[in-house]
Amino acid sequence: YNLKNEDVQKTETIMTLGDFGSQAVTSYIDLKNNVVYSTSDGGSSWNKEDVSEDEAQAYVNSNDFSGFLTNIRNYKEKGAETVNGIAATRYDGVIENDYIQELMSQTGIFEQMGLEEISDDQMKKVYDEIGNIEVSMWLDPNTSLPQKMSIDLTKMMKAMLKLNKESDEDKDASDAADALKKVTMVYINKN
């Protein structure tokens, strides 16, 4: 599934951080002018970020569900639900560790967290702790296009925070890893 080739793409991401609360971010990616507009307060204030053409496309690609669709395993149909007024069928499954490793490598998440110089042993430990990741996908039964995806990132975030603690002896990272209960990322198709 490829997003519509329009000048502006809208995405909505909701992250639930257990006891830390939730964070919803709405973003508009202007592909014609390479600008990302985002808000995390319901639209009261907006951030504008000028990005390169590659970065703008990366924003769009991060919401391309095709990699997830082809890498969900052991999925089971869970029933009919409505997403943004559209009838959808929910499927639950897992994204296997091999694909998680590939995805983390492509996104540069270790570098983004300041962990560029971690050893192969540390990286293997993180991947072992993550294991498989639970995912739910809501598909339009008429078109089979995804309308919503929810990914449980709890194990991944805990493993990354623990690694950050080991690398920097960062007490805040340690406290956050210990306090973290649940991290869920939700992508909603708004196009």
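Which residues does F110 touch, not counting residues up to four places away in sequence? In this predicted model, the partners of F110 are M104, L115, E116, I118, M123, V126, Y127, M160 and L163. Two of these names return in the description of the largest nonpolar core, which has 25 residues. Within that core, the residues that touch the most other members are M104, F110, V126 and I130. Both helices and strands contribute: the elements giving two or more residues to the core are the helices α3 (97-107), α5 (120-130) and α6 (154-168), together with the strands β7 (133-139), β8 (146-152) and β9 (183-189). As a general background, nonpolar side chains in soluble globular proteins tend to be buried together.

The average pLDDT of the protein is 78, and 75% of the residues score at least 70. Residues 1-5 have a pLDDT below 50, although this stretch has 14 contacts in the model beyond near neighbours in sequence.

The strand pairings come next. Strands β2 and β3 run antiparallel and pair over 5 bridges. They form a hairpin with 4 residues between the strands, where N34 takes a positive phi near 55°. Across this pairing, Y28 has Y37 in β3 as its bridge partner. S38 also belongs to β3, which covers residues 35-39. With a relative accessibility of 18%, S38 falls under the 20% limit and therefore counts as buried. Leaving aside neighbours within four places in sequence, S38 contacts V25, T26 and S27, and also S45, W46 and N47.

A second hairpin is made by β5 and β6, with 2 residues between them. In its turn, N84 has a positive phi of about 50°.

What of the aromatic rings? The model contains 2 aromatic pairs. In one of them, the ring centres of Y28 and W46 are 5.9 Å apart and the planes meet at 45°, so the pair is tilted. This pair links distant parts of the chain, with Y28 in strand β2 (residues 22-30) and W46 in the loop between β3 and β4 (47-50), 18 residues apart. Y28 is partly exposed at 29% relative accessibility, and W46 is likewise partly exposed, with a relative accessible area of 42%.

The other pair consists of Y75 and Y91, whose ring centres lie 6.2 Å apart with the planes at 85°, so this pair is edge-to-face. Y75 counts as exposed at 55% relative accessibility, whereas Y91, at 23%, counts as partly exposed.

One further ring interaction involves a charge. The charged end of K148 sits over the ring of W138, at 4.5 Å from the ring centre.

Note on methods: Residues numbered from 1 in each chain as written. Predicted model: local features only at pLDDT ≥ 70, side-chain atom pairs only at ≥ 80, totals over all residues. Heavy atoms only, no water. Buried < 20%, exposed > 50% of the residue type's maximum accessible area, 1.4 Å probe, protein only. Contact = heavy atoms within 4.5 Å. Core = buried A, V, L, I, M, F, W, Y, C linked by side-chain atoms within 4.5 Å. Phe/Tyr/Trp six-rings, centres within 6.5 Å; stacked < 30°, edge-to-face > 60°. Lys NZ or Arg CZ within 6 Å of the ring centre and 35° of its normal. pLDDT = per-residue confidence, 0-100. Pairing = 2+ DSSP bridges.
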